[in-house]
Amino acid sequence: MDIVILAVVIAVVVLGALGGLVVGSRRKKQLPPPPPAAPDITAPPAEPHVGDEAETPRDEPRRTIEEVDLPDGSTGVAVEEPPVVEELPPTEIEVPEPTAGRLVRLRARLSRSQNALGKGLLTLLSREHLDEDTWEEIEDTLLTADVGVQPTQELVDGLRERVKVLGTRTPVELRGLLREELLKLVGTDMDRTVRTEPEDRKPGIVMVVGVNGTGKTTTTGKLARVLVADGNSVVLGAADTFRAAAADQLQTWGERVGAHTVRGPEGGDPASVAFDAVKEGKELGSDVVLIDTAGRLHTKTGLMDELGKVKRVVEKHAPLDEVLLVLDATTGQNGLVQARVFAEVVDITGIVLTKLDGTAKGGIVIAVQRELGVPVKLVGLGEGADDLAPFEPEAFVDALIGE
Ligand SMILES: Nc1nc2c(ncn2[C@@H]2O[C@H](COP(=O)(O)OP(=O)(O)O)[C@@H](O)[C@H]2O)c(=O)[nH]1
Ligand SMILES: [Mg+2]
């Protein structure tokens, strides 16, 4: 066990060092501000709901074209002074860091957010007498961490059985048991690769869906970085046309890694933006098209209609290779309700669980996979540009249990 951790740590250090050597001089300072040093984890998280209307835009308001000051004396010549001057593209393209070993960061971040699950369970299991009350406490701990009722029952049953067989138990043995039982629930044999490379054609088409505020645009941007780092050319489709700032946000992510963003007029038809993005991806011979969508529709019916239409229209080009549902881990059970609604509209092929850095409720991974029968493929570990990690069951469970 320890050897595995050591090996992972060494691998990360070596990879990091190599990455630093190769790209260190070219890598720019990362744009999104780092999360506050001491996040207030006691504050209740914002919980977006299906059907929520957009709230105050989180992005910096941008000046619209009308507000651009014209040079003195110019009246009709504004056309000659295109307002794009405002949006000078970054001169340097960033080189994202490798994805290998990113999930190791989760351990540090989970312990920062007072990871109750692992420590709590191990403490309880280490009691001399594992009586009914203790088992109930173990159950409560799992439920509090959003593992879900059915999986909790399975885990407790499994643990009880194995503890009985074990007789005397050392902390190391208990940790081993807990790790194995948790791994069973998380699942080690699901295909968690994000499918971006269909065999017979290009580009691969990925659609990102989810409720407003869960982290769709951020995830799309982070994913674009990963794909570019792996040598893919990427086109982004800003099919969240609700407000211009949403497309700006995506475009900024794209510009940083040299991915082109296709966008439409504010309030325009999301499906036609998505269609155009794939069209452009085809024309440019791109490897992957990532489509960011809106999740702020008034009603469930509205959501169904719009997402269904985006999907249908895109599929005039080719089938979607991947539909990623983005869920905010801090919203707990509410995330499951959202998952159900989206699964009715589109065939979800993978889950992205964001904001795992801000919650002790990592058990939601287990619950949501059960709910949808679809694997968690990626996890968001922070607001930083490279804070998106491939989901690895072993590393995740190790992060949950801690040292
Ligand atoms: N701490 C943390 N914040 C995140 C993560 N992913 C996204 N966010 C933040 O969540 C907020 C909403 O993200 P955004 O991508 O605009 O959500 P969208 O409305 O679904 O497109 C932004 O402030 C992001 O920086 C994550 O993994 N961890
Ligand atoms: Mg968005």
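Are Arg-175 and Asp-398 buried or exposed? Arg-175 is buried, and Asp-398 is buried too. Here buried means under 20% relative accessible area, exposed means over 50%, and partly exposed is in between, with a 1.4 Å probe and protein chains only.

## Ground rules

This is a predicted model, where local features need pLDDT of at least 70 and side-chain atom pairs count only at pLDDT 80 or more, while totals for chains, interfaces and linings use all residues. Residues are numbered from 1 along each chain as its sequence is written, chains are lettered from A and ligands numbered from 1 in the order in which they are written, and side-chain values use heavy atoms, with hydrogens and water left out.

## Salt bridges

Side chains of opposite charge can pair when their charged atoms come close. The cut-off for a salt bridge is a side-chain nitrogen of Lys or Arg within 4 Å of a carboxyl oxygen of Asp or Glu, and the structure holds 19 of them. Helices (H or I, at least four residues) and strands (E, at least two) are DSSP runs, numbered from the N terminus.

Back to the opening pair: Arg-175 and Asp-398 form a salt bridge, with 4.0 Å between the closest N and O atoms. Arg-175 sits in helix 6 (residues 171-186) and Asp-398 in helix 13 (residues 393-401), so this bridge ties together parts that are 223 residues apart in sequence.

Asp-269 and Lys-309 make another salt bridge, with their closest N and O atoms 3.3 Å apart. This pair links distant parts of the chain, 40 residues apart: Asp-269 is in the loop between strand 3 (260-262) and helix 9 (270-284), and Lys-309 is in helix 10 (residues 300-314). Asp-269 is partly exposed at 32% relative accessible area, and Lys-309 is partly exposed at 34%. Elsewhere, a network of salt bridges links Arg-162, Glu-180, Glu-181 and Lys-184.

## Helix 4 against helix 5

Arg-160 and Glu-132 meet through their side chains in a salt bridge (2.4 Å, N to O). Glu-132 belongs to helix 4 (residues 132-144) and Arg-160 to helix 5 (residues 149-166), so the bridge ties together parts 28 residues apart in sequence. Arg-160 counts as partly exposed at 29% relative accessibility, and Glu-132 is partly exposed with 49% relative accessible area.

Which residues touch? On the helix 4 side they include Trp-135, Ile-138 and Leu-142, and on the helix 5 side Leu-155, Val-156 and Leu-159 are among them. Contact here means heavy atoms within 4.5 Å.

The peptide bond from Lys-202 to Pro-203 is cis, with omega near -5°. Pro-203 is in the loop between helix 6 and strand 1 (204-209).

Asp-146 is not a glycine, yet has a positive phi of about 70°. Asp-146 is found in the loop between helix 4 and helix 5 and is buried, at 5% relative accessible area. Lys-355, also a residue other than glycine, has a positive phi near 60°. Lys-355 lies in the loop between strand 6 (350-354) and helix 12 (364-372) and is partly exposed, at 33%.
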